[in-house]
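Dear colleague,

Please find below the structure that I am handing over to you.

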Amino acid sequence: MIPNSPTQRSGSDHALLPDELPLATALFGADGACLFLNADFVSMFGYTRDEIASFSTLMSKAVPDPDLRTTVLEWQERLASVTPPPLPRLAFTARFTCSNGAVRFVAVNIRASNIRMIATFTDTSDVDTSLKSMQGIFHEIAAQVRAQEEQRLVALEQSVILENSCVGISLIVNRVIVWTNSKLEEMFGYTKGELHGRSARIFYPSDEAYLSSGEPIHAAVSQGRQYESELIMARRDGSLFWARYYGKAIDPNNLSTGTIWVFEDISSRKAMEQALTYKTRQLEELNNNLGKRVRQTVDTLRQKESLLLKQTRLLVELAPDAIIVFDVEQGRIIDANAPAERLFGCSKQELFACSPLSFYKSEQPDGNCPEDTFYQHNARVLRGEVLVFERILISRQGVECICEVRLVRMPSEEQLLIRASFIDITERTRNQTELAKTLAALKRNLDEQKQFIGLISHELRTPLAIIDGAAQLLMLTASNDSDCLVQAVRIRSAGRRIVDLVDTCLTEERIATSGWELEFSKTAMHKLVQDVVEKVQSGTGSHAIESDMAAFPPYVTCDPTLIRVMLTNLLDNAIKYSPDGGTIRLKGWGEQTGMVYIQVSDHGIGFPPELSDKLFERFYRVWQIPGIPGAGLGLYLIKRIAELHGGGADASSLPGGGATFTVRIRNAS
Ligand code: ADP
């Protein structure tokens, strides 16, 4: 239903209550303040709005009836306190004193509404002056009044609803705008009522848009359907905006009754939609690009993969090992390289028909049945183990060879594949056997040599002891014959050198033997050094040996036999390489760390300083001086003995001659 458009306006606070309401009507706020009196009210009671300031002022005009007044004012108070007011209608009759002093008998009808409080008044004074009969008439009249009033109020409420709607609403008859609500006028930028009587073309930005919408609208509304569309529409100032509009005919059978249209401004939604479309398009573009890039990458990867496959294949083909791939489930070889063809003596096609087991000799080096181990090995490799073992193979041509076999599982999800590589080690095995034989022969020789040296040393020591004894006897018996004495001393010295040489050889041999073990004991070092010094001193007349062991610990845990050899060699060398004689100094000292040092210095021929390391090499000799014998083993032994004692040896020589040798050993205690 479209409300009648109000034609008169008398103020913003009562704009919704036209003066031509048929009943005397008053409008009050919830606080009772009078908002509006219509013309009928003014002519009925003669009061102006200023004189009826509030509902209680009006009630004060009623002929005194305290009960009624209390009831009415209570009702009004309840209205003010209840939100929303679910109050029942209040109807009563009362006598009112008019402004000219006349008393009117009036039927009053008050109802609460969302516009607060509407009171209507019907003058029943003329009907009958008798209160009783008037009461009956009043009720009759009141019923009529109520019905009329009800209709009016419904219309009024609907008008309020339409006016206050958040969408634009319009009634259009024959494409002419008959009625619009304020929202629609505001939406299109028109003032109140400005659109009335104008063609609906005014909503469209162009004739074309207007005309093209006519046909589909007509088709829908003439069939009673709702027409709905979204379109760019034009405001009064020519600016455009997106609107959604939908409408229906009031009576599809009689379109001249008009169509009702609802308009919504959807510019912001459209803007969002456009932004979304733009973003979606961007996303699609991005997706496409990404897809393209992924495809390109995949292609490149495929190319690389196939290249890699080719390279791998080439590598496999060129590999020196014979390589096969064995499918465990099928029980046959499914790939092989060229060396495999050569090793097994058949083509790839022939290989693909058989299992590697068919090439295994029935007697294998480990004595196991190859068939049993074959399946065990496969199971272990499939569990992830890498196996390496030896097998004797027999080629199709019956050629035997020993191979090192290496099994590893191939990465495959669909098949159980084992990669086996075979390296022909027949030659290597043969060489190893030969080598073992040679080593055994060598060991035998060495053992014999040792035995021989032991024998020689034993055999030499006895005659040397006899020679030395004889020389000593000669010295005693021929003490007056100086020539004889000199010869006797020479004999003794030569004999001692032979004994030393034999000892050195034996010691070297013992140390070089891997089974050599030191025999440690707590050794009184001062005594040991003194013995060695005395022994060496007795062999020379032209050298003086001075020893200073004050800073050396009295006891050192070491192998005394070897330390004795070491010291003897050091002092012997000092004498040997000081052919002009001189003083030889021996100095010993210890450190908190447990290291002990012995240093022997001479004033002999020395050696080139750059050779100080080489001197300790086995069989190395700096000088081949006639009259200075030697085998190049002494310093080597010295260093080895020091190392066996957790120490080492150093040598230094001064430009003017003379040499200093320092050995250090760890006190094992
Ligand atoms: P050998 O004395 O039997 O030749 P060594 O192993 O004892 O063997 O010594 C190796 C070399 O070191 C000697 O040939 C010699 O040239 C040099 N050498 C050793 N001791 C001295 C020293 N005290 N003075 C000078 N040179 C020495």
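**Cysteines**

Cys-401 is buried, and its relative accessible area is 9%. Before going further, please note that this is a predicted model. The cysteine sulfur closest to that of Cys-401 belongs to Cys-403, and because the two sulfurs are 3.8 Å apart, they are too far from each other for a bond. Cys-346 is also a buried residue, as its relative accessibility is 8%. For Cys-346 the closest cysteine sulfur is that of Cys-354, but the distance is 5.6 Å, so this pair is too far apart for a bond as well. A disulfide is a covalent bond joining the sulfur atoms of two cysteines. The cut-off applied here is 2.5 Å between the two sulfurs, and under this rule the count is 0 disulfides.

**The protein as a whole**

The protein contains 15 helices and 22 strands. It has 669 residues, and 38% of them count as buried. Its accessible surface is about 38000 Å², and carbon and sulfur atoms account for 55% of that area.

In soluble globular proteins, nonpolar side chains tend to be buried together. Here, the largest nonpolar core is made up of 39 residues, and Ile-563, Leu-571, Leu-586 and Phe-661 have the most contacts inside it. The element that gives the most to this core is helix H14, which spans residues 560-576 and supplies 9 residues.

Leaving out residues up to four places away in sequence, Leu-586 touches several others, among them Val-529, Val-533, Met-549, Leu-571, Ile-598 and Val-600. Its list of contacts also includes Glu-546, Ser-547, Asp-548 and Gln-599.

**The ligand**

Which residues come nearest to the ligand? There are 20 residues around it, and the nearest are Asn-573, Tyr-577, Arg-621, Ala-631 and Leu-635.

- The side chain of Lys-576 has an N or O atom 2.9 Å from an oxygen atom of the ligand.
- The side chain of Asp-602 has an N or O atom 2.9 Å from a nitrogen atom of the ligand.
- In Val-622 a backbone N or O atom is involved, at 3.0 Å from an oxygen atom of the ligand.

Taken alone, the ligand would expose 520 Å², and the protein buries 98% of this area.

Helix H15 covers residues 634-644, and its buried residues are Gly-634, Leu-635, Tyr-636, Leu-637, Ile-638, Ile-641 and Ala-642. After H15 comes Gly-646, with a positive phi near 75 degrees.

Phe-607 belongs to the loop between strand E20 (595-601) and H15. Is Phe-607 buried or exposed? It counts as buried, because its relative accessibility is 8%, which is under the 20% cut-off. Setting aside neighbours within four places in sequence, Phe-607 is in contact with residues that include Leu-615, Val-622, Trp-623, Ala-659 and Phe-661. Phe-607 and Trp-623 are 16 residues apart along the chain, and their C-alpha atoms are 8.5 Å apart.

Phe-619 is located in the loop between E20 and H15. In contrast to the buried Phe-607, Phe-619 counts as exposed, at 52% relative accessibility.

**Positive phi angles**

Most residues other than glycine have a negative phi. Phe-619 is not a glycine, yet its phi is positive, at about 65 degrees. Arg-175, also not a glycine, has a positive phi of about 65 degrees. Arg-175 sits in the loop that runs between strand E6 (168-173) and strand E7 (176-180). With a relative accessible area of 33%, Arg-175 is partly exposed.

**A residue in strand E8**

Finally, Ser-229 is part of strand E8, which spans residues 227-234. Ser-229 is buried, since its relative accessibility is 16%. Beyond the residues up to four places away in sequence, Ser-229 touches Ala-243, Arg-244 and Tyr-245.

With kind regards

Methods:
Residues numbered from 1 in each chain as written. Predicted model: local features only at pLDDT ≥ 70, side-chain atom pairs only at ≥ 80, totals over all residues. Heavy atoms only, no water. Core = buried A, V, L, I, M, F, W, Y, C linked by side-chain atoms within 4.5 Å. Buried < 20%, exposed > 50% of the residue type's maximum accessible area, 1.4 Å probe, protein only. Helix = DSSP H or I, 4+ residues; strand = E, 2+ residues; numbered from the N terminus. Contact = heavy atoms within 4.5 Å. Near = heavy atom within 4 Å. Polar contact = N/O pair within 3.5 Å; in protein donor to acceptor, adjacent residues only side chain to side chain. Areas by Shrake-Rupley, 256 points an atom, 1.4 Å probe, with all protein chains shown as cover.
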